[in-house]
Amino acid sequence: MILSDYIHNGNHWLSRLDARVKIISAIVLLVMVLTYEGISFPVFLFLCGVGLCVDMKVHPRALFIRYAEPFFIVAVLLVLKIFCTGKTPLFSFELAGMSVTGFREGLLEGVRLGCRIMGAVTIVAVLGFSTPFNQFMAGLSWMKIPRGFIEISLFAYRYIFMLFEDAMVIYSAQKNRLGYSTIKRGFNSFGILAGALVIKAFDQSQKTTVAMTQRGYDGIMPNLEHKPFKPSEIGGVLSLIIVMGILWKIW
Amino acid sequence: MEDMVVRLAVRINSFVYADGTRAMNKINLDIRKGEFAGILGSNGSGKTTLLKIMDGLIKDFQGTVHLDGRDVQKLSPKEIFSKAGLIFQSPDEQLFAGSVSEDVAFGPLNMGLKGKEVARRVKEALDDVELAGYEAKSIHNLSYGQKKRVCIAGLLAMGHEIILLDEPTAGLDPMGEYRMMSLLKKLNTEKQVTIVMATHSVDLVPVFLDKLYILSKGSIVRGGTPEEVFSAPDDMADVRLRLPQIAELIYRLKHEDKMAFEKIPLTIGEARREIMRITSGTG
Amino acid sequence: MKSVKKNIFIALICCGLLLSADAVYAMHIAEGILPLRWAALWFAVAIPFVAYGLYSLNKRSRDDLSFKPLVGLMAAVIFIISCMPIPVPFAGTCSHPCGTGISGILVGPAVSIVIATVALLIQAIFLAHGGLSTLGADIVSMGVMGSFTGYFVFRLLRTVKMNIAVSGFMAGLFADWATYLTTSVELASGIKGDASFLPLFGKIMIAFIPTQLPLGILEGAMTAGMVVLLYKKRPDLLVKMRVIKPGEAAMQKHGVTALLISLCIAGTVLSSAIPADAAKWSGVDEAVIEKVAREQGREAGEPLIDMEQGDVGLFLFLIAGALGGFAAGYYWRSLLAEKAQPLDAGKDMMPEEKK
């Protein structure tokens, strides 16, 4: 499981940008991509995004894993659209005694949808690779996302790694004792694994609460202070939005 | 040390867990200001329970614990935790923020401090535990020993004068154990932090600690300086402990091989001096 | 040249198989699939539920300081569970459980929505499962539908004193299927363009069936296993989370028998209540599939085996009876004979001690 902390390159200029600026930019660009009718704008964003990821020295494997699922979904949607949508036949062939027809409108629709998906995925990928989760949450707290949600998210992120290691230990121990040798045993073992994780989570939460209480926790996490924006960052994001807006309009 | 003010006066008569387990019997000990005290006991002797009672985390016991003259059973958590704090054995139980600086800043922020003061305390605390420059590091990327030190920094940043530690050297490699004890000694001597630690590492205790209490089945069976406590080896076996290894060696040389040791040294340095004295014939 | 083409073809097949193993990531809708208006609509639907979840969270954590850390840790557990690949029988691929049925049972549906939102957000940002623009839709399907369905099915069955394992199984099963049904609605409405909704919805449902049907059963089995473990090992935990009452006993066999009898009675009553003209109601085969095929110029042919003609049905009934009887006879010892006493391992198996 690859999360951004493992591949985050803190030295890159994009990583040093304020998380709030990146989040706002990502939201605006996502809206632009989702409302664009053609293919050039999302394709442009896709190429820029991949270039940024390469510049950030994101490992090719991490990039492949990030794009594998969306690529597959695009392929499936393209097939669905080509053969299920449209009126103008583009091509047809015989398959196991059946006549299969691909439609022009479906192909265009599928390509447009696919480009939109790839453009949107790239925006979020760049955000994920350049922003550690804690900074992302700090940015969301500035945007008045409810405090409770921020607290739960930070707890969850902190303990994902610890519980994941515990899960791997339990899983390995079960495997060593033939816990996954048959399908029935596998389901049983997996249920035990899930139950063991819940027990661990519960016990850990009690201990964490005690530890937090003796450091002054009274049910509400202390407020995070935000550094003031740099004028260069504000200027940068405004310029980006204006340029992208012009491209969105004219292409 | 006897003239120093008593910070923690512990007088426990008994404590029984909800499942009927009797965890504490007669406990009578005083922790003085600036002391570096240890509670030595085997597994299940009640060390962790005693520390929790001293820290005010367990209040339904029979007896009293006074923190600076005030009964902890009557104090609010805030009043207790502004002065004393407990560090548990497992650092993962008490590190809950994403980054080192966020976790260390948690306590000062809860105290109502802001901005620059919080940052200053965080920096100072991390310097004290030799983790300067680790502010932005994620907690889960730290080693076990580093996590333990972040836990200590979290309490130092709150300005705690009394730190209780539950087996701080557990799980560390030999050099890690020595570094941890050296760090605690440094905090004790340079920052005047009163430290009480539960342990069963008998070899390190005489090197660093001022006072030692042997705990067995919920009762203090012996207390005093390490020299006083380790003067009766048979008592140690009764409570499933042993002498420090160097002391064990010299004890056998003295009593079984009749070598002319005047006292049983507890540290390698002391043993070396004694051996040199005997072999040079100056004793 | 032929071998080059063959190698390329094989490579493409392998790519497809490799990628298809990751295809069925529970029911996340990928980034960018939904147009803006649909993405905004699902956000508008999700937000009140998330808000109510946060309200419930704050209310409960006022009484219990450990509740927020618990919910955070549960979110981590659900995240890990939903990332674990489990093989899906018959589909030849791996998939991932939703986990929201489990969290719905443990912390209640409202707080479970918050847990789902956190897990989905982390997955969207860092694992490319789902997306930010589709977060609203994913919250509605997995968080809202999954949690509420799992919770209410569990509660309903426990109210009629159903066995906790069966209750857990049904909760996990229906939570999973409710999620996949909702996702199908969201996808069909989002990508249909100018086409009509129902045919595309039907196609998506059919596409999901090979993986989501068995996956629902797997999730049910996992949920059952989890609640049984908690019930046996840590009933205090279930009491604290208000899943069971203190001292509550599970009715093991009686509940299953009661359910079967209830289903039989219900089936009899319902079948007698079906009006005479119900035969005129056509199923999805005629209403959707055959209709779409007819529009494309492909009329349905006669069935290869026509059960309504001659004694085909009776013949198959005879075969089934014969097979069943043969199987029962072959395994009669397991079915009817008493279980053998276990060996006294200490007496018979212990090697002699060395003197």
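User: How far apart do the C-alpha centres of domain 1 and domain 3 of chain B lie?
Analyst: The two centres are 31 Å apart. The domain bounds come from an automatic or database domain assignment. This is a predicted model: local features need pLDDT of at least 70, side-chain atom pairs count only at pLDDT 80 or more, and totals for chains, interfaces and linings use all residues. Residues are numbered from 1 along each chain as its sequence is written, with chains lettered from A and ligands numbered from 1 in the order in which they are written.

User: How many residues make the contact between those two domains?
Analyst: Domain 1 of chain B gives seven and domain 3 of chain B gives five. Contact means C-beta atoms, placed from the backbone, within 7 Å.

User: Which elements of domain 1 of chain B give two or more residues there?
Analyst: α7 (205-208) and α8 (226-229) of chain B. Helices (H or I, at least four residues) and strands (E, at least two) are DSSP runs, numbered from the N terminus.

User: Now the chains. How many residues of chain B touch chain A?
Analyst: 27, in contact with 22 residues of chain A. α3(B) supplies the largest share of the chain B side, five residues.

User: Switching to chain A. Why is helix α7 of chain A largely enclosed?
Analyst: Because seven of its 10 residues (133-142) are buried. Buried means 20 or more other C-beta atoms within 10 Å of the residue's own, with C-beta atoms placed from the backbone. Phe133(A), Phe136(A) and Met137(A) are among them.

User: What follows α7(A)?
Analyst: Lys144(A), with a positive phi near 65°.

Terms used. A residue is buried if 20 or more other C-beta atoms lie within 10 Å of its own, exposed if 12 or fewer, and partly exposed in between; C-beta atoms are placed from the backbone.
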